[in-house]
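Okay, thanks for coming, everyone. Let me put the structure up and then walk you through it.

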Amino acid sequence: MTNVLELRGITKRFPGVIANENVDVTLREGKILALLGENGAGKTTLMNILYGLYKPDEGHIAVRGKQVEIHGPNDAIAQGIGMVHQHFMLVPVMTVTENVMLGIEPTKNGIILDKEKVAQRIREISDQYGLEVDPHAYIKDLPVGIQQRVEIIKVLYRQADILILDEPTAVLTPQEVEGLFKIIDTLIKSGKSIIFITHKLKEVLAVADDITVLRLGKVVGSIDPKEATSQKLASMMVGRDVSLVVEKGKAKPGEPVLVVDGLAVRDERQNLTVRGVSFEVRKGEVLGVAGVQGNGQTELVYALTGLLPIEGGTIRLLNEPIRHTSPREILERGVAHIPEDRQRHGLILTFPIHDNMMLCTYYKNPFARGITLQEKPIFNNAEELVKQFDVRTPNIYVNAGTLSGGNQQKVIVAREFSRPIELLIASQPTRGLDVGSIEYIHKQIIKKRDEGSGVLVVSSELDEILALSDRIAVMYKGQIMDIVDANKTSKEQLGLLMAGVHPTDAKNTK
Amino acid sequence: MSETATPSQTKTGNRSSLAQELLVPVLAVVTGLIIGAIVIVASGANVFDAYGALFTGSFGSPIRLIEGLQVYFSTGETKELLRAIYPFTESLVTATPYIFAGLSVALGFRAGLFNIGAEGQFFIGALCSAFVGYSVKGLPMIIHLPLAILAGALGGALWGMIPGYLKAKFGAHEVVNTIMMNWIAFRLSDWLLNGPMKASGFRPVTPNVLPTAELPRFFDDPLRFNLGFFLALLVAYLVYWFLFKTTTGFEIRSVGANPDAAKYAGMSIVKNLVLVMALAGGLAGMAGSAQVLGVDHWVGQGFSAGYGFDAIALALLGKSHPFGVVLSALLFGFLRSGATNMQSRAGIPIDIISIIQGLVIVFIAAPAIIRWFYRIRSIKTEETVLTRGWGK
């Protein structure tokens, strides 16, 4: 068996930071190499070097035993290396065919675009690998999972046989992940080799042939998946033992904090996405809202936090109704909100950390006196929270956008937990985060529960829902299928509910 | 407009990052002048004559200054000295409306709004100040002058607030509406100057403002250098203080940098958009006030010479920071007033200055050109590094 790709002694320094230090990576032909590491471990830098976007300071790259120089994506493609980026590089208003041909447009007679030829080739590729993509569909109409397949087609169309998949599952639903794994399997069977970049342990164990773990820019070790366990991989990634299970005692539910009855909400496009939802959250308990992304969870949270108006039904927070209530008023009644999209709602990336740490309370004592901002309390507050919540940053004056995803999330958590709260609404609280940060944020959420706050956790990750919740509400098409006791349910049961099938119905139809 | 939004405004502003901030604008200006020189040579003129005239036209001639000082110390006669500092003070006079109008556009940028309406707001401000200046009689200067300035500010504020309100309430784009408001202002001023506000005589101009409404001048004629310049500096400081040291300023910057996060944090987008457009309009209105009360003392057709449009360029050049705006307004003032001299002395058309200004703006808008040309490492890479490599 030959090695199709070898990276030897790759070192890349940025001013003040060594992003990669003497990294060796080997990809065997027809195999899947999982490149595992926390955010900021240097995975992306390494792949950008391989793709010619960065020039390494030291080390070399060999493709099929031959040393090569890669100066840009075109060189990489010429060597048969193709990359599927985490954030898709597609033009939404163009068709699949147009997107695939971008950059290498074949023509008839030298002038007229030969779209049909490309479409034909896409159909062939699609059939060969079971991708099921319509060449004439517009990107904007396609679900995320299919868009990713278009990216894969782009790479295959350029005749790559080494595929780099950068965090391919980060944006996918559990079902779409299954689909992706099938595609990966087909690709391997037809002789392609794949580098799979991820920080999700279970995926690695499910698909990889080889595992290489990076930490702080260095290779920590390579390991055979047969000998690996989640626990072992996690401690390699983080550099210490991590607990993958959230340790929590029994909930001691008290009074209801939040009572929602028959709630209906329209989204920004005026579609009715929440259709009559009722539930309550009590003090000292975690209610998890499970469901595939896009079943109304987002709008539910927006309505609860005042970001979207209420179409019908009632919300009562501590026995006071919420209706036409501004986000500020809701906030002041003791609601903390960890928003689903931290870069859109949670942070102002171009503002320094200390400003983000008081984003919701800037107008209050001690941050403001009259109309003037008080620098000293603002800085002190940030210093203290950074220390308390272990935000890894050079100082509190750098912009929030310079932090890694995990640390950005910690800034939000720190800010939201730093004021007295009655109800915590955490939406996808650990999406895209690494194991260390997930562990930390889960602990903090449970801590809030034990301090007597009501907690509403919305997540499309079943593992997260199961780890945190005392009770679980499953949303499907804007309604709650059922609310179940977290201790008396199984993944299978939840999976059925998420797909819109009520287990009792399922039994009946059998 | 996200690019214009905020370098970190804090203690990080240590020397090296301040130098970083200034590096590109300074190099942009230098490069603009160099390319301008090439254009001058290509047109067959002498660069040294041209830029010499530009320099003496904007700063004054050093020889004359020394002579003037000699005359002053030997005889006590100030005439020569005043003649020597005349070009310098004229540059400051030209810079004054630039500062106000630049602050107006910069404030808009900070809130994510593109105020193209500074020109119209300038006209309305000038007309309102002129009206109070000539029609209100019998007040002492200490009341009349502030009143006239206030009238200009309020007029401009109203002119800015209308598109602000339309944007906040109906989502109408402020670029379109401020342009429309410009046309309304131009035609309105034509009508006023030919009708209700016309002074007796043939020309369509307003009467002169009363001496009690004039911004006091520091020297005798022909030096027009007046209090307006220092008023502009004071206002620039106030805008800085407002933006960076007050809660409302924080809201405005938040709304500009990330409206979704601002809404999430409980800030009112509507309130802030209307407020910013009113304040921006007020600043542009004050540019008009300063020009009419400090320099011309009356308003005529084509009164502005495009201050409101140049303001967009200099807000960009000043990176939407009040102090940056002051610096770029001074630069524009010196270029503009030097250009007149360059035209009369060296026979170089005044338009060359527009070419240089245009080049500077291109370089500011596309800093990659300057970075590439001078091989400056982008600050951006450092940011990317931090996102990728924490934990050290």
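Some housekeeping. This is a predicted model, so keep in mind that local features need pLDDT of at least 70 and side-chain atom pairs count only at pLDDT 80 or more, while totals for chains, interfaces and linings use all residues. Residues are numbered from 1 along each chain as its sequence is written, and chains are lettered from A and ligands numbered from 1 in the order in which they are written.

Along the principal axes, the C-alpha atoms of chain A fill a box of roughly 70 × 60 × 50 Å.

How many of the 510 residues of chain A count as buried? It's 47%, where buried means 20 or more other C-beta atoms within 10 Å of a residue's own, exposed means 12 or fewer, partly exposed is in between, and the C-beta atoms are placed from the backbone. As for contacts (C-beta atoms, placed from the backbone, within 7 Å), take those in chain A with a separation of 6 or more: 68% of them are between residues 24 or more positions apart.

Chain A splits into domain 1 (3–238) and domain 2 (253–327 + 454–510), with bounds from an automatic or database domain assignment. Their centres, over C-alpha atoms, are 36 Å apart.

Now the sheets. One is an open, antiparallel sheet of 4 strands in chain A, ordered β2-β1-β4-β5; strands pair here if DSSP finds at least two bridges between them. At the edges sit β2 (17–28) and β5 (66–68) of chain A, each with a single partner strand, so one side of each has no neighbour in the sheet. From one strand to the next, the twist averages 25°. Angles run from 0 to 180 degrees between N-to-C directions, and axes are lines fitted to C-alpha atoms, for helices over the stretch in contact.

Inside that sheet, β1 (3–14) and β4 (58–63) of chain A are joined by 5 bridges, and A:Leu7 has A:Ile61 as its bridge partner. Helix α1 (43–50) of chain A packs on the sheet, touching β1, β2 and β4 of chain A, at about 115° to β1(A).

There's also an open sheet of 6 strands in chain A, with mixed pairing and the order β6-β9-β10-β3-β11-β12. Its edge strands are β6 (81–84) and β12 (218–223) of chain A. In the parallel pair β9 (162–166) and β10 (193–198) of chain A, there are 5 bridges, and A:Leu165 is partnered with A:Phe196. Here's α1(A) again: it packs on this sheet too, with a direction about 150° from that of β9(A). Helix α5 (144–157) of chain A packs on the sheet as well, touching β6 and β9 of chain A.

Which residues have the most contacts inside the largest nonpolar core? They're A:Leu50 and B:Phe100, in a core of 260 residues. A nonpolar core is a set of buried Ala, Val, Leu, Ile, Met, Phe, Trp, Tyr and Cys residues joined through C-beta atoms within 7 Å. Helix α11 (269–296) of chain B gives the largest share of this core, 15 residues. Beyond four places away in sequence, A:Leu50 touches residues including A:Leu7, A:Ile61 and A:Ile164.

Last stop, chain B. Of the 11 residues of helix α12 (307–317) of chain B, 10 are buried, so that helix is largely enclosed by the rest of the structure. After α12(B) comes B:Lys319, with a positive phi near 50°.

Leaving aside neighbours within four places in sequence, B:Phe88 is in contact with B:Phe59 and B:Gly60.

Notes:
Helix = DSSP H or I, 4+ residues; strand = E, 2+ residues; numbered from the N terminus. Contact = placed C-beta atoms within 7 Å.
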